[in-house]
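My notebook is open, and I am going to look up a few things in this structure one by one. Come along and check each entry against the picture.

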Amino acid sequence: MTRFVSDVSVRWSDLDAYGHVNNARFLTLYEEARVEMFFVGARKHGLGSFEEGIVIARHEIDYLRPIDYGERVRIEMWISEVRAASFTVSYELFDDGVLASRAKSVCVPYNLANSHPRRLTEAEREFLEPYRES
(Lines give C-alpha, C1' and ligand atoms only; values in the text may rest on other atoms or scores of the structure.)
Protein backbone atom coordinates (compact mmCIF):
# COMPACT_ATOMS: atom_id res chain seq x y z
CA MET A 1 0.00 0.00 0.00
CA THR A 2 1.20 3.49 -0.88
CA ARG A 3 0.35 6.50 1.26
CA PHE A 4 -0.45 9.86 -0.32
CA VAL A 5 1.55 12.51 1.56
CA SER A 6 0.60 16.17 1.80
CA ASP A 7 2.39 18.95 3.67
CA VAL A 8 -0.15 21.49 4.92
CA SER A 9 0.48 24.94 6.39
CA VAL A 10 -0.89 25.80 9.81
CA ARG A 11 -2.32 29.32 9.67
CA TRP A 12 -2.46 31.85 12.49
CA SER A 13 -6.26 31.78 12.19
CA ASP A 14 -6.22 28.03 12.99
CA LEU A 15 -5.19 28.74 16.59
CA ASP A 16 -7.49 28.86 19.61
CA ALA A 17 -7.20 30.99 22.75
CA TYR A 18 -4.60 28.56 24.16
CA GLY A 19 -2.26 28.97 21.18
CA HIS A 20 -2.94 25.50 19.77
CA VAL A 21 -4.70 24.48 16.58
CA ASN A 22 -8.42 24.50 17.35
CA ASN A 23 -10.00 21.04 17.25
CA ALA A 24 -12.44 22.06 14.49
CA ARG A 25 -9.53 23.32 12.34
CA PHE A 26 -8.12 19.79 12.17
CA LEU A 27 -10.96 19.13 9.72
CA THR A 28 -9.69 21.98 7.56
CA LEU A 29 -6.14 20.59 7.57
CA TYR A 30 -7.46 17.15 6.60
CA GLU A 31 -9.65 18.74 3.93
CA GLU A 32 -6.70 20.53 2.33
CA ALA A 33 -4.76 17.26 2.14
CA ARG A 34 -7.80 15.40 0.77
CA VAL A 35 -8.35 18.05 -1.91
CA GLU A 36 -4.71 17.70 -2.95
CA MET A 37 -5.17 13.93 -3.29
CA PHE A 38 -8.50 13.87 -5.12
CA PHE A 39 -8.20 17.00 -7.23
CA VAL A 40 -4.48 17.58 -7.88
CA GLY A 41 -3.24 13.98 -7.52
CA ALA A 42 -6.16 12.46 -9.43
CA ARG A 43 -5.79 15.05 -12.21
CA LYS A 44 -2.10 14.07 -12.59
CA HIS A 45 -3.37 10.50 -12.96
CA GLY A 46 -5.67 11.71 -15.80
CA LEU A 47 -8.81 11.59 -13.66
CA GLY A 48 -11.05 14.65 -13.23
CA SER A 49 -14.31 13.07 -12.07
CA PHE A 50 -13.69 13.58 -8.35
CA GLU A 51 -13.66 17.33 -9.00
CA GLU A 52 -17.26 17.03 -10.17
CA GLY A 53 -18.41 16.19 -6.67
CA ILE A 54 -17.47 14.42 -3.47
CA VAL A 55 -19.43 14.90 -0.25
CA ILE A 56 -18.47 13.80 3.24
CA ALA A 57 -20.85 11.40 4.98
CA ARG A 58 -18.84 11.06 8.19
CA HIS A 59 -15.71 12.29 9.98
CA GLU A 60 -13.95 10.65 12.90
CA ILE A 61 -10.95 12.25 14.64
CA ASP A 62 -8.66 11.17 17.46
CA TYR A 63 -6.64 14.04 18.96
CA LEU A 64 -3.37 12.70 20.33
CA ARG A 65 -1.44 15.89 21.12
CA PRO A 66 -1.76 19.66 20.58
CA ILE A 67 -0.32 21.33 17.49
CA ASP A 68 1.30 24.74 17.79
CA TYR A 69 1.72 27.40 15.14
CA GLY A 70 4.90 26.99 13.13
CA GLU A 71 6.11 24.48 10.60
CA ARG A 72 3.89 22.71 8.13
CA VAL A 73 2.28 19.47 9.25
CA ARG A 74 2.58 16.24 7.26
CA ILE A 75 -0.61 14.34 6.54
CA GLU A 76 -0.40 10.79 5.27
CA MET A 77 -3.53 9.31 3.69
CA TRP A 78 -4.66 5.92 2.47
CA ILE A 79 -7.93 4.23 1.55
CA SER A 80 -9.18 1.91 4.28
CA GLU A 81 -12.47 0.86 2.66
CA VAL A 82 -14.07 0.93 -0.78
CA ARG A 83 -17.77 0.30 -1.36
CA ALA A 84 -19.96 0.67 -4.44
CA ALA A 85 -20.83 4.30 -3.74
CA SER A 86 -18.39 5.39 -1.02
CA PHE A 87 -14.83 5.08 0.19
CA THR A 88 -13.07 5.80 3.46
CA VAL A 89 -9.95 7.92 3.65
CA SER A 90 -7.76 7.31 6.72
CA TYR A 91 -5.25 9.91 7.84
CA GLU A 92 -2.34 10.37 10.19
CA LEU A 93 -1.18 13.91 10.95
CA PHE A 94 2.42 14.44 12.03
CA ASP A 95 3.71 17.61 13.68
CA ASP A 96 7.50 17.85 13.64
CA GLY A 97 7.63 14.11 12.92
CA VAL A 98 5.41 13.17 15.89
CA LEU A 99 1.96 11.64 15.39
CA ALA A 100 -0.56 14.24 16.60
CA SER A 101 -3.88 12.99 15.24
CA ARG A 102 -5.61 10.15 13.40
CA ALA A 103 -8.81 10.52 11.42
CA LYS A 104 -11.17 8.94 8.91
CA SER A 105 -13.59 10.43 6.40
CA VAL A 106 -16.29 8.54 4.55
CA CYS A 107 -16.43 10.13 1.09
CA VAL A 108 -19.34 9.77 -1.32
CA PRO A 109 -19.00 10.53 -5.04
CA TYR A 110 -21.79 12.95 -5.79
CA ASN A 111 -23.53 14.18 -8.91
CA LEU A 112 -23.91 17.89 -8.15
CA ALA A 113 -26.02 18.60 -11.24
CA ASN A 114 -28.66 16.04 -10.24
CA SER A 115 -28.15 16.29 -6.46
CA HIS A 116 -27.64 12.63 -5.71
CA PRO A 117 -24.87 10.19 -4.78
CA ARG A 118 -23.36 8.07 -7.52
CA ARG A 119 -21.33 4.88 -7.76
CA LEU A 120 -17.56 4.88 -8.13
CA THR A 121 -16.38 4.48 -11.70
CA GLU A 122 -13.81 1.89 -12.74
CA ALA A 123 -11.27 4.68 -13.36
CA GLU A 124 -11.84 6.03 -9.83
CA ARG A 125 -11.38 2.54 -8.35
CA GLU A 126 -8.12 2.24 -10.33
CA PHE A 127 -6.88 5.53 -8.86
CA LEU A 128 -7.76 4.41 -5.31
CA GLU A 129 -6.23 0.93 -5.59
CA PRO A 130 -2.52 1.77 -4.94
CA TYR A 131 -3.58 3.59 -1.74
CA ARG A 132 -5.88 0.82 -0.56
CA GLU A 133 -5.10 -0.84 2.74
CA SER A 134 -4.83 -4.57 2.32
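**Entry 1: Asp14.** I looked up the side chain of Asp14 and found that it reaches the backbone nitrogen of Arg11 at 2.8 Å. I count a polar contact when a pair of N or O atoms lies within 3.5 Å; within protein, one must be able to donate a hydrogen and the other to accept it, and residues adjacent in sequence count only if both atoms are side-chain atoms. This is a predicted model, where local features need pLDDT of at least 70 and side-chain atom pairs count only at pLDDT 80 or more, while totals for chains, interfaces and linings use all residues. I number residues from 1 along each chain as its sequence is written, and side-chain values use heavy atoms, with hydrogens and water left out.

Asp14 is found in the loop between β1 and α1. For naming elements, helices (H or I, at least four residues) and strands (E, at least two) are DSSP runs, numbered from the N terminus. Is Asp14 buried or exposed? Asp14 counts as buried because its relative accessibility is 0%. My cut-offs are under 20% relative accessible area for buried, over 50% for exposed, and partly exposed in between (1.4 Å probe, protein chains only).

I also listed contacts, meaning heavy atoms within 4.5 Å. Leaving aside neighbours within four places in sequence, Asp14 is in contact with Ser9, His20, Val21, Asn22, Arg25 and Leu29.

**Entry 2: salt bridges.** Side chains of opposite charge can pair when their charged atoms come close. I call it a salt bridge when a side-chain nitrogen of Lys or Arg is within 4 Å of a carboxyl oxygen of Asp or Glu. How many salt bridges does a search of the whole structure find? The search finds 13.

I started with Asp14 again, which forms a salt bridge with Arg25, the closest N and O atoms being 3.5 Å apart. This pair links distant parts of the chain, with Asp14 in the loop between β1 and α1 and Arg25 in helix α1, 11 residues apart. Arg25 counts as partly exposed because its relative accessible area is 29%.

Next came Arg11 and Glu32, whose side chains meet in a salt bridge (2.4 Å, N to O). Here Arg11 is in the loop between β1 and α1 and Glu32 is in helix α1, 21 residues apart. Arg11 is partly exposed, with a relative accessible area of 29%, and Glu32 is partly exposed at 31%.

I noted one more pair, Arg43 and Glu51, with the closest N and O atoms 3.0 Å apart. Then I found a network of salt bridges that links Arg3, Arg74, Glu76, Glu92 and Arg102.

**Entry 3: a charge over a ring.** Arg74 turned up again: its charged end sits over the ring of Phe94, 4.3 Å from the centre. The rule I used is that NZ of Lys or CZ of Arg is within 6 Å of the ring centre and within 35 degrees of the ring normal.

**Entry 4: aromatic pairs.** A pair of aromatic rings is described by the distance of the centres and the angle of the planes. Rings of Phe, Tyr and Trp (its six-membered ring) pair if their centres lie within 6.5 Å; planes under 30 degrees apart count as stacked, over 60 as edge-to-face and the rest as tilted. My search of the whole structure found 10 aromatic pairs. One of them is Phe38 with Phe87, a tilted pair at 5.2 Å centre to centre and 50 degrees between the planes. Phe38 is in helix α1 and Phe87 in strand β4, 49 residues apart. Both Phe38 and Phe87 are buried. Ring pairs also link Phe4, Phe38, Phe50, Phe87, Phe127 and Tyr131 into a cluster.

**Entry 5: the nonpolar core.** A nonpolar core is a set of buried Ala, Val, Leu, Ile, Met, Phe, Trp, Tyr and Cys residues joined through side-chain atoms within 4.5 Å. Which residues have the most contacts inside the largest one? They are Ile75 and Phe87, in a core of 32 residues. Elements that give two or more residues to this core include β1 (4-8), α1 (25-44) and β3 (73-82). The largest share, 7 residues, comes from α1.

**Entry 6: Asp96.** Most residues other than glycine have a negative phi, and most peptide bonds are trans. Phi of Asp96 is near 55 degrees, a positive value. Asp96 is in the loop between β4 and β5, and counts as exposed because its relative accessibility is 74%.
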